[in-house]
Amino acid sequence: MGAGHTHPMYVHGHSSVHHFAPEVKIAASVLFTVVVVATPRELLPAFGAYALIVAALAVLARIPAGWLARRSLIELPFVATAVLLPFFAAGPRTDVLGLSVAVEGLWAGWNILVKGTLGVLIALLLAGTTPARDVLVGLDRLRTPQAITQIALFMLRYLDVLADEARRMRIARLSRLDDPRFLWQVRGFAAGLGTLFLRAFERGERVFLAMRSRGYTGRLPAALHEGSVATARQWAIGAVVPALAVVVLLADRFLV
Amino acid sequence: MHISNGIIGGPVSLAYGVVAVGLLALCLGRARQDLNERLAPMAGLVAAFIFAVQMLNFPVLPGVSGHLLGGALAAALVGPWVGALCVSVVLIVQALVFADGGISALGLNISNMALLGTAVGYLALVALLKLLPRTAAGVGLAVFGASIVSVVLASQGFVLQFVLGGDVPLTIGYGQISATMAGVHALIGVGEGLIAAAAVTTVAKVRPDLVYALRGSRLERPAPGGVPTKVFLLGGLAVAAALAGGVSYLASGSPDGLDATTLAGCTVDADGVITGGSCIAQQATDHELGGSFLADYGIKGIDNATGLAGLIGVALTFAVGLAIFWAARRRRHAAAAAEQAPAPVAAEK
């Protein structure tokens with residue numbers, strides 16, 4: 001139960017980005033994404049500049065490029081289907097490498113590809129430098145309603161409870177000579193599903209009662225807020241990222 | 001059904017974001033009454049469960065994934081208000097921590113999956129519970145049906161957003177996209193329905209106080225002279241057959257040449273629930289074919305593959321469905337036998 005402090009997307013490190021207050025990182029990521037999505041797809045240099053900003057942040061955060069590439073591969077199937085769009089779209093067609101594709105579709109595919117990829121990279125930078133608990137603390141400080149942070153807190157806690165309970169049940173089955181291969185497993189899996197849910201709930205209920213009896217009132221513990229609240233300086237530095245994006249957008253829109 | 005950044009235009013995303021925030025505020029107000037000691041941990045567990053089942057996903061349309069949604073399960077266990085919050089929490093955490101679903105598309109995703117899915121799931125569940133007996137089989141079947149309805153309608157929510165804000169003029173009509181999404185999601189709904197029914201039935205049997213849709217009332221024992229359980233099970237399978245077979249045929253049998261068939265190529269993999277990787281493989285083949293000649297051979301090849309994969313998919317769904325129902329029946333017998341003896345559950349607590 002001791003491993004629940006982080007999540008598989010977190011890259012341990014001590015860079016300045018890691019130590020930034022989570023609320024600033026969340027706000028900056030959201031604003032930056034909004035600017036990227038709001039950029040007209042024809043402004044190619046702007047997207048190049050966004051990519052540079054993301055790259056600079058990755059270097060600052062000391063997130064290995066290989067890790068980013070590997071993690072963004074997860075999203076690849078969804079974004080890569082954009083490759084199909086040029087073949088489906090209506091309107092005037094053009095020839096690319098001997099294939100007839102629709103101009104409009106080409107733009108639409110590019111639009112999804114570039115905005116999807118940049119969005120994933122930004123989210124990965126946030127996730128890679130912020131433990132899940134800090135994301136919740138950040139959301140709480142951004143005045144997210146308590147019910148939402150409370151459900152999210154329990155969700156993260158119960159993910160581990162569910163996984164552990166499933167592992168224990170599987171070991172119990174193995175030790176009773178059940179042979180867990182895919183098709184053979186289906187029946188046991190189905191029967192175990194409801195039981196898993198119930199067992200995890202009853203464990204979780206005991207955890208919750210223990211928390212209540214130790215003074216949990218539904219707010220995140222005050223100790224989490226000590227010493228790490230964003231200073232005005234951090235807000236100012238964090239604001240540079242979306243501000244830079246806005247400058248790029250405006251410059252490319254009106255100057256070039 | 002996560003939408004990534006850039007699929008739907010800015011103004012529509014923004015409008016949906018505003019609507020989502022407003023409706024979530026309403027849910028928060030109503031949930032405050034419900035979110036008591038009992039429901040808070042349950043809500044967390046439901047969210048964790050939904051988070052886990054949403055991890056199995058595969059592409060459906062450019063930039064849009066398909067997977068179990070969990071709205072009906074949440075509505076059954078924690079009610080519509082807290083349920084919508086649970087699914088929203090899952091989506092928010094996925095967008096921020098797992099880079100799944102665009103941050104700027106959160107309003108769109110929450111509207112479809114958390115708000116529409118849960119609301120429809122709850123309404124369908126209430127209606128079905130009125131019709132069906134309050135036995136384990138009745139509740140299971142109600143959850144099963146509500147899951148399918150909720151998933152299919154949530155997928156149509158995306159189609160509406162695409163009509164409003166997708167800035168790609170496609171050669172395939174919106175009707176076709178709608179049919180493709182409905183076909184894929186009918187199959188997803190069958191898978192989700194089986195999982196949700198298994199979970200809710202077990203909880204309802206042992207801790208009926210935890211099932212919001214039952215309002216804490218105990219389940220009735222099946223009446224000796226009533227409709228036998230087998231009829232219910234067969235009925236459920238018949239519904240699954242009609243939906244899975246009928247709708248997927250509708251989606252893949254469309255006459256619109258390459259584009260429809262390649263898009264519908266994913267339809268088949270709706271059972272990606274079981275055979276997750278096959279759609280990606282299919283995408284690869286599609287791409288290769290697209291790169292060579294767009295000749296009749298290519299179209300025919302994809303068409304055949306679509307039909308074959310569809311058959312395999314339907315058969316696999318049935319196999320899993322049969323196994324789950326069979327297991328549920330065995331457990332019910334075991335539970336009935338155990339209840340003759342002193343209840344072991346009480347001793348456990």
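Begin by selecting A:Arg143, which lies in the loop between H8 and helix H9 (146-175) of chain A. The model is a predicted one. Although A:Arg143 is not a glycine, its phi is positive, at about 70°. Is A:Arg143 buried or exposed? With 8 other C-beta atoms within 10 Å, A:Arg143 is exposed; the limit for this class is 12 or fewer.

Next, move to A:Arg62, in the loop between helix H3 (44-60) and helix H4 (65-73) of chain A. A:Arg62 is likewise not a glycine and has a positive phi, of about 55°. A:Arg62 has 15 C-beta neighbours inside 10 Å and therefore counts as partly exposed.

Now select A:Leu57, a residue of helix H3 of chain A. A:Leu57 is buried, since 20 other C-beta atoms lie within 10 Å, and 20 or more is what the buried class requires. Leaving aside residues up to four places away in sequence, which residues does A:Leu57 touch? They are A:Val17 and A:Leu125.

Return to H8 and display it together with helix H2 of chain A. Helix H2 covers residues 22-38 and helix H8 covers residues 132-141. Their axes come within 8 Å and cross at roughly 80°. Angles of 65 to 115 degrees count as roughly perpendicular, so H2(A) and H8(A) are roughly perpendicular to each other. To show the contact, select A:Pro22, A:Glu23, A:Lys25 and A:Ile26 on the H2(A) side. On the H8(A) side, select A:Asp134, A:Val135, A:Val137, A:Gly138, A:Leu139 and A:Arg141. By residue class, this contact is made up of 5 nonpolar, 1 polar and 4 charged residues.

Colour chain A by domain for the next view. The assignment places residues 16-139 + 228-254 in domain 1 and residues 145-225 in domain 2. Where the two domains of chain A touch, 5 residues of domain 1 are in contact with 7 residues of domain 2. The domain 1 side of that contact consists of 5 nonpolar residues, with no polar and no charged ones.

Turn now to chain B, which has 11 helices and 2 strands. Along the sequence, their order is α-α-β-β-α-α-α-α-α-α-α-α-α. Chain B has 349 residues, of which 58% count as buried. Among its contacts with a separation of 6 or more, 78% join residues 24 or more positions apart.

The last stop is the largest nonpolar core, which contains 162 residues. Which of its residues touch the most other members? Select A:Met155, B:Val46, B:Leu77, B:Cys86 and B:Val200. Helix H3 of chain B (residues 71-97) supplies the largest share of this core, 21 residues. From chain A, at least three residues come from each of domain 1 (16-139 + 228-254) and domain 2 (145-225).

Finally, centre the view on B:Cys86. Not counting residues up to four places away in sequence, B:Cys86 touches A:Ile151 in chain A. In chain B, B:Cys86 touches B:Ala43, B:Val46, B:Ala47, B:Ile50, B:Ala74 and B:Val78. As general background, nonpolar side chains tend to be buried together in soluble globular proteins.

Conventions
Residues are numbered from 1 along each chain as its sequence is written. Chains are lettered from A and ligands numbered from 1 in the order in which they are written. Axes are lines fitted to C-alpha atoms, for helices over the stretch in contact, and angles run from 0 to 180 degrees between N-to-C directions. Helices (H or I, at least four residues) and strands (E, at least two) are DSSP runs, numbered from the N terminus. Angles under 35 degrees count as roughly parallel, over 145 as roughly antiparallel, 65 to 115 as roughly perpendicular and the rest as oblique. Ala, Val, Leu, Ile, Met, Phe, Trp, Tyr, Cys and Pro count as nonpolar, Asp, Glu, Lys and Arg as charged, and the others, Gly among them, as polar. Domain bounds come from an automatic or database domain assignment. A nonpolar core is a set of buried Ala, Val, Leu, Ile, Met, Phe, Trp, Tyr and Cys residues joined through C-beta atoms within 7 Å.
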